[in-house]
Amino acid sequence: MIEIIYIDDDLQITNLVREYLEMNGYRVTTIHSFQELDEIDISFFDLMLLDVMLPNINGINICKSIRDSVSYPIIFISALGLEEDIICGLESGGDDYITKPFSLKQLKVKIDSHLRRENRNNVSKKKIQSQNVALNKEKKQVVVNDTIVTFPKKEYLVIEKLISNIGNVISKDQLFETVWGYDSESNVSTVTEHIKKIRSKLSEYDSDFTYIQTKYGLGYIWEPKYEK
C-alpha cells in the first residue's frame, strides 16, 4: 500500500484529505508540526504533502532540511499562490505546488502522476551495484565478486536499508524500527551485532573494500572504502 505523509497544522484540511485518499486506497499519516516530524522515520513513506505556513518552521525550510535524506516526491499545498511563492517552493526541492483551496480529485491526479513517475524511476533501483557488491531487491539476493552470498533475513534487510541509502547516515533507531520494529522483544543493541556479522561476511568475499562505516554518535553509512 502507498504510504503518504501529510504535514499541515490545519486539522480540518488534513482530516478531509486523509479520508479522501484512504477511500482511494492510500494510507495517510498526518502530522501538524516540525516537532512531530522529528519523531517519525520519514524514509518510510512514498510521497509527502507539505504545507508552507507551519508554526515555528515553515514548509520551505523543512523541505530544504530533508531533501537530501529522501528521494520521493514532495508536493507543497499552500494558500500562498503568487508566482514567487511557487518558484520558492520548487527551488527548495519540491516536486509540485498546489494552492488552497484545491480540488481533492486534482490532488489525487497529481499524486498518481508523481507516483507513476517515481515507479518508473525505481525500476532501475531494484538492482543496486556498489563496487563489488550487487543487491537484487526482487530476488532478495546479495552478490559479492560474482558469488551469491547468503545472509539471514535480518542481516539482508539491514544491508538493503543501508545500500538503498548510499552516502546517507542511518541511525541505529532507524535500522531497528525498519528491520525489527519497536514491538520486537529485541533491543537496539542487536543492530550492532548484526552489523559486525555483515562486515565479517562481506570481508570473506571482498577484502579490497569495507562497505559499512560507523559514524560515532550518529549511526551507520554504506560508503565503500578501498583498504589495499
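Is F76 buried or exposed? F76 counts as buried, because its relative accessibility is 0%. Buried means under 20% relative accessible area, exposed means over 50%, and partly exposed lies in between (1.4 Å probe, protein chains only). The model is predicted: local features need pLDDT of at least 70, side-chain atom pairs count only at pLDDT 80 or more, and totals for chains, interfaces and linings use all residues. Residues are numbered from 1 along each chain as its sequence is written, and side-chain values use heavy atoms, with hydrogens and water left out.

**View 1. F76 and Y97 form an aromatic pair.**
Rings of Phe, Tyr and Trp (its six-membered ring) pair if their centres lie within 6.5 Å; planes under 30 degrees apart count as stacked, over 60 as edge-to-face and the rest as tilted. By this rule there are 6 aromatic pairs. The F76 and Y97 rings have centres 6.0 Å apart and planes at 40°, so this pair is tilted. It links distant parts of the chain, 21 residues apart. F76 lies in strand β4 (residues 74-78), and Y97 lies in strand β5 (residues 96-99). Helices (H or I, at least four residues) and strands (E, at least two) are DSSP runs, numbered from the N terminus. Y97 is buried too, because its relative accessible area is 9%.

**View 2. Y211 and W222 form a tilted aromatic pair.**
Their ring centres are 5.3 Å apart, with 35° between the planes. Y211 sits in strand β10 (residues 209-215) and W222 in strand β11 (residues 219-226), so the pair ties together parts 11 residues apart in sequence. Y211 counts as buried, at 2% relative accessibility. W222 counts as buried as well, at 0%. Ring pairs link F209, Y211, W222 and Y226 into a cluster.

**View 3. A charge sits over the ring of F151.**
The charge is the end of K201, 5.2 Å from the ring centre. The rule asks for NZ of Lys or CZ of Arg within 6 Å of the ring centre and within 35 degrees of the ring normal.

**View 4. T214 meets R199 through its side chain.**
T214 lies in strand β10. Its relative accessibility is 28%, so T214 counts as partly exposed. What does T214 contact, leaving aside its neighbours within four places in sequence? The residues are R199, G219 and Y220. Contact means heavy atoms within 4.5 Å. The side chains of T214 and R199 make a polar contact (2.7 Å). A polar contact is a pair of N or O atoms within 3.5 Å; within protein, one must be able to donate a hydrogen and the other to accept it, and residues adjacent in sequence count only if both atoms are side-chain atoms.

**View 5. D8 makes a polar contact with K100.**
D8 lies in the loop between β1 (3-7) and α1 (11-23). At 0% relative accessibility, D8 is buried. The side chains of D8 and K100 come within 3.0 Å in this polar contact. Leaving aside neighbours within four places in sequence, D8 is in contact with residues including I13, T14, H32 and D51.

**View 6. T190 touches F176 and W180.**
T190 is found in helix α8 (residues 189-205). T190 counts as buried, because its relative accessibility is 16%. The C-alpha atoms of T190 and W180 are 9.5 Å apart. Along the chain, T190 and W180 are 10 residues apart.
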